[in-house]
Amino acid sequence: METTQTTESSPTTQAPLVTLTETAVAEVKRLMDVQDLTEGGLRLGVKGGGCSGLSYTINFDEKIGEFDTVCEQDGVKVIVDAKSAIYLEGMQLDYQKDLVSGGFKFLNPNASKTCGCGESFSA
């Protein structure tokens, strides 16, 4: 599994900001194919709100900002803005599917408390 991390200014060799499991990579690629996305990547972020104070954001984005960090893993670009990077460093994104539904799970070592739905946290 190849992982690289760069900022707009220069590439680095440090550990990636966030990682994706094999199932998450496969689901992101599937969704990108369904939506016919060839540019940009998966944007992960954090915003205020949710039952625990902060909530995760996840969407596709074709724009990479000046202060964004971009990690590429198995051909999937993951884009994180500078403010969210503080809360997401070391996080792993997983995708789990059962008979009823499927969804992305955020496995965040920075979260001191998470809500039952797994979509919000406090740090």
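**Walking through the model**

Mentor: Gln73 is buried, with a relative accessible area of 2%. Buried means under 20% relative accessible area, exposed over 50%, and partly exposed in between (1.4 Å probe, protein chains only).

Trainee: What sort of model is this, and how are residues numbered?

Mentor: This is a predicted model, where local features need pLDDT of at least 70, side-chain atom pairs count only at pLDDT 80 or more, and totals for chains, interfaces and linings use all residues. Residues are numbered from 1 along each chain as its sequence is written, and side-chain values use heavy atoms, with hydrogens and water left out.

Trainee: Back to Gln73. Which strand is the place of Gln73 in?

Mentor: Strand 6, residues 69-73. Helices (H or I, at least four residues) and strands (E, at least two) are DSSP runs, numbered from the N terminus.

Trainee: How many of the residues of strand 6 are buried?

Mentor: 4 of the 5, so strand 6 is largely enclosed by the rest of the structure.

Trainee: And the side chain of Gln73: which residue's backbone oxygen lies 2.5 Å from a polar atom there?

Mentor: That of Leu20. A polar contact is a pair of N or O atoms within 3.5 Å; within protein, one must be able to donate a hydrogen and the other to accept it, and residues adjacent in sequence count only if both atoms are side-chain atoms.

Trainee: In what sense do strand 6 and strand 7 pair?

Mentor: Antiparallel, over 5 bridges, with strand 7 covering residues 76-80. Two strands pair if DSSP finds at least two bridges between them. The bridge partner of Gln73 in strand 7 is Val76.

Trainee: What about the turn? Which residue in that hairpin takes a positive phi?

Mentor: Asp74, with phi near 50 degrees. The hairpin has 2 residues between the strands.

Trainee: Let's stay with Val76. How far apart are the C-alpha atoms of Leu42 and Val76?

Mentor: They are separated by 7.5 Å, with the two residues 34 residues apart along the chain. Leu42 lies in strand 4.

Trainee: Is Leu42 buried or exposed?

Mentor: Buried, at a relative accessible area of 2%. Leave aside its neighbours within four places in sequence, and Leu42 is in contact with residues including Leu20, Val28, Ile58, Phe60, Val78 and Leu93. Contact means heavy atoms within 4.5 Å.

Trainee: New topic: charges. How many salt bridges does a search of the whole structure find?

Mentor: 3 salt bridges. A salt bridge is a side-chain nitrogen of Lys or Arg within 4 Å of a carboxyl oxygen of Asp or Glu.

Trainee: Where's the one with Glu27 and Arg30?

Mentor: In helix 1, residues 22-34. Glu27 and Arg30 are 3 residues apart there, separated by about one helical turn. Their side chains meet at 2.8 Å, N to O. Glu27 counts as buried at 10% relative accessibility, while Arg30 is partly exposed at 42%.

Trainee: And Asp61, what does it form a salt bridge with?

Mentor: Arg43, the closest N and O atoms being 2.6 Å apart. This pair links distant parts of the chain: Asp61 sits in strand 5 and Arg43 in strand 4 (residues 41-48), 18 residues apart. Asp61 is partly exposed, with a relative accessible area of 22%. Arg43 counts as buried at 15%.

Trainee: Where does Asp68 come in?

Mentor: The side chains of Asp68 and Arg43 also meet in a salt bridge, at 2.7 Å, N to O. Asp68 is in the loop between strand 5 and strand 6, and this pair is 25 residues apart. At 7% relative accessibility, Asp68 counts as buried. Salt bridges that share partners join Arg43, Asp61 and Asp68 into one network.

Trainee: Last one, rings. How many aromatic pairs does the count come to?

Mentor: 2 aromatic pairs. Rings of Phe, Tyr and Trp (its six-membered ring) pair if their centres lie within 6.5 Å; planes under 30 degrees apart count as stacked, over 60 as edge-to-face and the rest as tilted. Tyr56 and Phe106 are stacked, 4.0 Å centre to centre, with 0 degrees between the planes.

Trainee: Which strands do Tyr56 and Phe106 lie in?

Mentor: Tyr56 lies in strand 5 (residues 54-61) and Phe106 in strand 9 (residues 102-107), so the pair ties together parts that are 50 residues apart in sequence. Tyr56 is buried at 11%, and Phe106 is buried at 15%.

Trainee: And Tyr95 with Phe104: what kind of aromatic pair?

Mentor: Edge-to-face, 5.1 Å centre to centre, with 65 degrees between the planes. Tyr95 is buried at 16%, whereas Phe104 counts as partly exposed at 25% relative accessibility.
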